[in-house]
Amino acid sequence: MKTRRTRLLTLLAAAAAAFVMTPARAQSDTVKIGVILPMTGAQASTGRQLDAAVKLWVAQHGSKVAGKTVEVIVKDDQSLPDQTRRLAQELVVNDKVVALAGMGITPSAMAVAPIATQSKTPLVVMAAATSSITEASPFVVRSSFTLPQVAVAIAEWAHKNNIKRTVTLVADYGPGFDAEKYFAERVTLNGGQVLEKLRTPLRAPDFAPVLQKVRDAKPEALFVFLPSGQGAAFMKQFGERGLDKAGVRLIATGDVTDDDQLADMGDVALGVISSHHYSADHPSAMNKKFVADFMAANKFRPNFMAMGGYDGMRIIYKALEASKGAGGEALLAGMKGQIFESPRGPVLIDAQTRDIVQDVYIRKVEKKDGQLWNVEFDVIKAMKDPGKQK
Ligand code: PHB
């Protein structure tokens with residue numbers, strides 16, 4: 001009796017162990033990547049671009065890395081940081097993702113950074129661009145850009161072109177503060193002036209009152225940073241209020257002359273000078289193929305957000321190869337120091353800062369074959385984030 005009961009218990013224990021073992025073993029053949037994007041809500045165009053780019057990467061490179069099957073899980077945070085945080089927690093605890101990625105806006109990236117630190121999960125920031133994000137966790141790696149990179153580049157262009165009196169207009173949150181600060185510092189250093197610093201809310205901005213202030217200040221140039229998705233509405237108002245005709249030159253970060261919306265902006269955008277790390281018009285063979293493949297799959301033009309998503313996947317895939325599919329510190333080590341040719345140009349992930357070092361281009365909106373493009377005509381090579389050099 002006793003021995004039969006013992007045998008039964010042993011069998012039950014073995015069955016229980018098998019039950020626990022099976023999913024664990026199955027899991028070790030799969031590595032999961034959790035991509036959190038604003039697929040709906042105010043930043044939905046960013047989510048749409050990033051999602052398409054992530055899918056293009058997987059379609060081109062397959063789902064097998066280091067002998068394991070990669071599973072990409074995409075979640076919609078509606079660009080609400082509380083949602084981003086909750087989704088990141090679920091992806092880490094329940095899905096056991098080896099990497100988190102996405103982050104459409106800075107507040108989302110900041111909300112997830114502590115989770116990356118606590119769980120030792122690399123967080124690849126594919127869109128958000130405030131300088132300090134990479135300092136919020138030692139597990140953050142960035143594939144997008146930083147506002148100080150592009151703001152300093154356009155301030156230098158203004159100086160070289162003898163523009164002295166400027167006004168700044170930025171979105172009233174992290175990346176806007178960086179754009180305003182680094183543009184103004186460089187302009188002042190070069191002997192120019194910032195007559196006024198204007199800000200508009202991230203959600204539902206109204207450009208009419210600030211454009212009236214610009215008109216009154218009569219600068220030679222207005223410098224603008226607005227997050228991807230707001231450029232077309234801004235350009236329309238800039239034209240309708242006749243600021244171009246009043247002699248105010250518009251200069252911007254490439255977020256404003258966004259490839260996602262440029263085709264719909266009309267001739268008011270013609271001639272606008274901007275600085276950015278990516279233009280769909282970048283004339284390399286690699287970019288021509290990227291744009292052709294992306295357009296064939298999606299029927300819309302890739303913008304800089306798509307570029308961050310595509311290169312972010314590259315960073316994760318190559319790091320998984322190096323770590324043989326392991327996550328944590330080993331995966332992070334595989335991301336640091338990556339150097340590669342991207343459709344945007346040459347790229348380095350600085351091993352110390354985990355931020356991206358890249359060429360920043362000066363571009364002019366021109367019409368080619370009836371369509372508007374950001375045509376690159378000058379470049380600052382291998383630019384580090386100026387926000388890290390203090
Ligand atoms: C950001 O929130 O960091 C952000 C969003 C959109 C941009 C640039 C930066 O175009």
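**Terms and the values behind them**

Mentor: Let us start with the domain assignment, which gives domain 1 (29-145 + 286-354) and domain 2 (147-276 + 360-388); please keep in mind that this is a predicted model.

Trainee: What makes up the largest nonpolar core, and which residues have the most contacts inside it?

Mentor: The largest nonpolar core has 118 residues, and L222, V224, F234 and I251 are those with the most contacts inside it. Helix α10 (residues 304-323) gives the most to this core, namely eleven residues, and at least three residues come from each of domain 1 and domain 2. In soluble globular proteins, nonpolar side chains tend to be buried together.

Trainee: Which residues is F234 in contact with, leaving aside its neighbours within four places in sequence?

Mentor: With those neighbours left aside, F234 is in contact with L169, F207, L211, L222, V224, L226, L250 and V256.

Trainee: Why is Q230 called buried?

Mentor: The cut-off for buried is under 20% relative accessible area, and Q230 has 10% relative accessibility, so Q230 counts as buried. Q230 lies in the loop between β9 and α8 (231-240), and, apart from neighbours within four places in sequence, Q230 is in contact with P201, L202, P205, F207 and Q261.

Trainee: How do you know that the span of helix α6 (residues 174-189) agrees with what its number of residues should give?

Mentor: At 1.5 Å a residue, the 16 residues of α6 should span 22 Å, and because the end C-alpha atoms are 23 Å apart, the two values agree. After α6 comes G191, whose phi is positive, near 90°.

Trainee: Which residues of α6 are buried, and what covers them?

Mentor: The buried residues of α6 include G174, P175, Y182, F183 and V187, and what covers the buried residues of this helix includes α4 (106-119), α5 (147-160), β7 (165-171) and β8 (193-200).

Trainee: How many cavities of 30 Å³ or more does the structure hold, and what lines the largest cavity?

Mentor: The structure holds three cavities of 30 Å³ or more, and about 120 Å³ of space lies in the largest cavity. Of the 17 residues that line the largest cavity, G104, A127, Y173, P227 and M305 are the closest to its centre.

Terms used
Residues are numbered from 1 along each chain as its sequence is written. This is a predicted model: local features need pLDDT of at least 70, side-chain atom pairs count only at pLDDT 80 or more; totals for chains, interfaces and linings use all residues. Side-chain values use heavy atoms; hydrogens and water are left out. A nonpolar core is a set of buried Ala, Val, Leu, Ile, Met, Phe, Trp, Tyr and Cys residues joined through side-chain atoms within 4.5 Å. Buried means under 20% relative accessible area, exposed over 50%, partly exposed in between (1.4 Å probe, protein chains only). Helices (H or I, at least four residues) and strands (E, at least two) are DSSP runs, numbered from the N terminus. Domain bounds come from an automatic or database domain assignment. Contact means heavy atoms within 4.5 Å. The expected span of a helix is 1.5 Å times one less than its number of residues. On a 1 Å grid over the protein atoms alone, a cavity is a set of points where a 1.4 Å probe fits but cannot get out, and a pocket is an open set with protein on both sides within 12 Å along at least five of seven lines; lining residues have an atom within 4 Å of a point. Grid points are joined across faces, edges and corners, and a volume is the space filled by probe spheres set on the points.
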